[in-house]
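Here is a short tour of a protein model for someone new to reading structures.

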Amino acid sequence: MLVLVAPGQGAQTPGFLTPWLELPGAADRLAAWSDAIGLDLVHYGTKADADEIRDTAVAQPLLVAAGLLSAAALGDVAPGAVAGHSVGEFTAAAFAGVLDDTAALKLVRTRGLAMADAAAIAPTGMSALLGGDPEVTVPHLEKLGLTAANVNGAGQIVAAGTLEQLAALEADKPEGVRRVVPLKVAGAFHTHHMAPAVATLEQAAQALSPADPALPYVSNKDGRTVATGAEVLARLVGQVANPVRWDLCMETFQALGATALIEVCPGGTLTGIAKRALPGVATVALKTPDDLDAARTLVAEHTAV
């Protein structure tokens, strides 16, 4: 059984879309999406520097567009489940047919702008903790006023809060944590700091008519599959200010019988976690079009006919 997953913010790197635009139709598709959302995705995916694509309002639609573009290049795939990490949930919602590509990109553009506005209220950020025991780490973070915003499994938790709180974490690591790595994001996402963005997204979502998922859609909220489009949309809105439980998503992949996992562009983060947390599950990360052949082989080997 194949799972198709989409990465979250921080996976982007300068120029990462350049090789993808050489594929037939890719440049035209990206240009059309750019017109639809009022953002030059071609520029940001090929020529912009790291600081430009770190901007939340840019990074989020850029990541969703990259995921959709690379999945289209993969061809006709019928995964046994789909999921996305944080903003990658919008990519997954499009994979599942809950929203069409343009609707997903318009909504995520609104999300990025709203989260950027919320992040501007106070200096906040996120840092990944490598190693440690969640039962020790989470209470330690709470003691420092931080939130365990991403519980990713395989010994990785992402803390979020004010820059002052994150600095205190650097000086006072939880027992067993080897490193604290600041992430390339511009705010404390998936925490109470994002509450203003939830209200904005709720209003934008009212204009949409989501379809029920055509594929099992695994939610970041609790790792459960979601049966209705209305519930998927409600979770996309609320998840902005709530922790990402990727560990529970992976438990669901296992329960569903996953044997392979493909991470769409810019792949690498989620496959890295899966290699540690899902032993025996074959993985391919779509970083460039050179990875498509390996991914297609995985599709052929792990998709029921």
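This is a predicted model: local features need pLDDT of at least 70, side-chain atom pairs count only at pLDDT 80 or more; totals for chains, interfaces and linings use all residues.

Proline 266 lies in the loop between strand 9 (260–263) and helix 12 (269–277). The peptide bond that leads from cysteine 265 to proline 266 is cis, with omega near -5°. To put that in context, most peptide bonds are trans, and most residues other than glycine have a negative phi.

Which residues have a positive phi although they are not glycines? Serine 86 and histidine 190 do. The table puts them side by side.

| Residue | Phi | Loop between | Relative accessibility |
|---|---|---|---|
| Serine 86 | about 60° | strand 2 (81–84) and helix 5 (88–95) | 10% |
| Histidine 190 | about 60° | strand 6 (177–182) and helix 9 (195–205) | 2% |

Are these two buried or exposed? Buried means under 20% relative accessible area. Serine 86, at 10%, therefore counts as buried, and histidine 190, at 2%, is buried too.

Now look inside the protein. The largest nonpolar core has 78 residues, and Tyr217 and Ile262 touch the most other members. Helix 4 (residues 56–74) gives this core its largest share, 11 residues. A second, separate core has 17 residues, including Val5, Ala83, Phe253 and Leu278.

What does isoleucine 262 touch, leaving aside residues up to four places away in sequence? Its partners are Leu2, Val3, Leu4, Val5, Leu74, Val284, Leu286, Ala295, Leu298 and Val299.

Finally, let us see how two helices meet. Two packed helices are described by the angle between their axes and the distance between the axes. For helix 1 (residues 26–37) and helix 6 (residues 101–119), the axes come within 10 Å and cross at roughly 50°. The two helices are therefore oblique to each other, and helix 1 passes helix 6 in a right-handed crossing.

Which residues make this contact? From helix 1 come Trp33, Ala36 and Ile37, and they meet Asp101, Thr102, Leu105, Lys106 and Arg109 of helix 6. Sorted by type, the residues of this contact are 4 nonpolar, 1 polar and 3 charged.

Terms used. Residues are numbered from 1 along each chain as its sequence is written. Side-chain values use heavy atoms; hydrogens and water are left out. A nonpolar core is a set of buried Ala, Val, Leu, Ile, Met, Phe, Trp, Tyr and Cys residues joined through side-chain atoms within 4.5 Å. Buried means under 20% relative accessible area, exposed over 50%, partly exposed in between (1.4 Å probe, protein chains only). Helices (H or I, at least four residues) and strands (E, at least two) are DSSP runs, numbered from the N terminus. Contact means heavy atoms within 4.5 Å. Axes are lines fitted to C-alpha atoms, for helices over the stretch in contact, and angles run from 0 to 180 degrees between N-to-C directions. Angles under 35 degrees count as roughly parallel, over 145 as roughly antiparallel, 65 to 115 as roughly perpendicular and the rest as oblique. A crossing is left-handed if the near helix is turned anticlockwise from the far one by less than a right angle, and right-handed if clockwise. Ala, Val, Leu, Ile, Met, Phe, Trp, Tyr, Cys and Pro count as nonpolar, Asp, Glu, Lys and Arg as charged, and the others, Gly among them, as polar.
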